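Please keep the sequence and the structure in view while reading.

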Amino acid sequence: FSVNGKVADKAGMKVAESDVIEVEIPPPAPAVPEAEDIPLAVVFEDDDLLVVDKAPGMVVHPAPGHVSGTLVNALLHHCPDLAGIGGVARPGIVHRLDQDTSGLIVVAKTEAAMAGLAKAFASHVNVEKTYLAIVHGRPRLAAGRIENLIGRHPVDRKRMAIVEKNGKLAVTNWQIAPGTGRLPSVTPVVCRIETGRTHQIRVHMASLGCPVIGDR
């Protein structure tokens, strides 16, 4: 919006009674995701499941600022019958990866598969999540386990952080990738997570003094 013809770049700016305030309302986003012909790297598929290798930069499902071009839009084109499985907004989605994270995502193609996968991911029974992170520097130890609470940063609410209260349990088992020699300034680290908190690996690697490369 603008004040007296100038874009207001501060939410806390003071206005006067005589100021002219103009607001431009963006067009409404579609309530139901639309199918889009976006290439997918399909690793496995049968009547119940679909496993895709999500590319970095792709958002998993529509959200504010990302109403199209998401994995869900691509899935609806690949599997038209997916619509409505597990919900209208996120059909087939059982788990997620950050936009900049690449890797395998399991998609449910039936309600039965959705129920079974959701239960498995929630209980962590027969489900193991392994990530490879490239971090700055080198951890002091070759391996370790991090267990603490993660929640919203007390000052910067857009960030996640280790907190003493009002957080959720987060557990990461990590080790320097086997066979990795000493690189100049970076280290590949294998992370096996027992929980799936938002930005868990980013927060835990930063707590070691070795933040993930490219993590803004």
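A residue is called buried when its relative accessible area is under 20%, and exposed when that value is over 50%. The model is predicted. By that criterion helix 3 (residues 200-207) is mostly covered, with 6 of its 8 residues buried.

**Overall architecture**

- The protein contains 3 helices and 11 strands, arranged along the sequence as β-β-β-β-β-α-β-α-β-β-β-β-β-α.
- The C-alpha trace spans about 65 × 45 × 35 Å along its principal axes.
- Of the 216 residues, 34% are buried.
- Among contacts with a separation of 6 or more, 59% are between residues 24 or more positions apart.

- The buried residues of helix 3 are Gln200, Ile201, Arg202, Val203, His204 and Met205.
- Their cover includes strand 7 (129-136), strand 8 (143-152), strand 9 (160-163), strand 10 (168-176) and strand 11 (186-193).
- Arg202 also belongs to a network of salt bridges that links it with Asp98 and Asp215.
- Just after helix 3, Gly209 adopts a positive phi of about 80 degrees.

**Salt bridges**

- Side chains of opposite charge can pair when their charged atoms come close.
- The whole structure holds 7 salt bridges.
- One of them joins Glu128 to Arg192, with the closest N and O atoms 3.7 Å apart. Because Glu128 lies in the loop between helix 2 (111-123) and strand 7, and Arg192 in strand 11, this pair ties together parts that are 64 residues apart in sequence.
- Glu128 is exposed, at 64% relative accessible area, whereas Arg192 is partly exposed, at 35%.
- Arg145 forms a salt bridge with Glu147, with the closest N and O atoms at 3.3 Å, and another with Glu194, where the corresponding separation is 2.6 Å. Since Glu194 is in the loop between strand 11 and helix 3 and Arg145 is in strand 8, the latter pair ties together parts that are 49 residues apart in sequence.
- Arg145 is partly exposed at 46% relative accessible area, as are Glu147 at 47% and Glu194 at 34%.

- The protein exposes about 13,700 Å², of which carbon and sulfur atoms supply 54%.
- A nonpolar surface patch is formed by Phe1, Met13, Val15, Ile21, Val23 and Ile25, which together have about 630 Å² of accessible area.
- The protein carries 23 positive and 23 negative charges, whose mean positions are 12 Å apart.

Terms used: Residues numbered from 1 in each chain as written. Predicted model: local features only at pLDDT ≥ 70, side-chain atom pairs only at ≥ 80, totals over all residues. Heavy atoms only, no water. Buried < 20%, exposed > 50% of the residue type's maximum accessible area, 1.4 Å probe, protein only. Helix = DSSP H or I, 4+ residues; strand = E, 2+ residues; numbered from the N terminus. Contact = heavy atoms within 4.5 Å. Areas by Shrake-Rupley, 256 points an atom, 1.4 Å probe, with all protein chains shown as cover. Lys, Arg positive; Asp, Glu negative; His and termini not counted. Charge placed at Lys NZ, Arg CZ, Asp CG, Glu CD. Patch = residues over 30% accessible without salt bridge, like charges linked within 9 Å, V, L, I, M, F, W, Y side chains within 5 Å. Salt bridge = Lys/Arg side-chain N within 4 Å of Asp/Glu carboxyl O.
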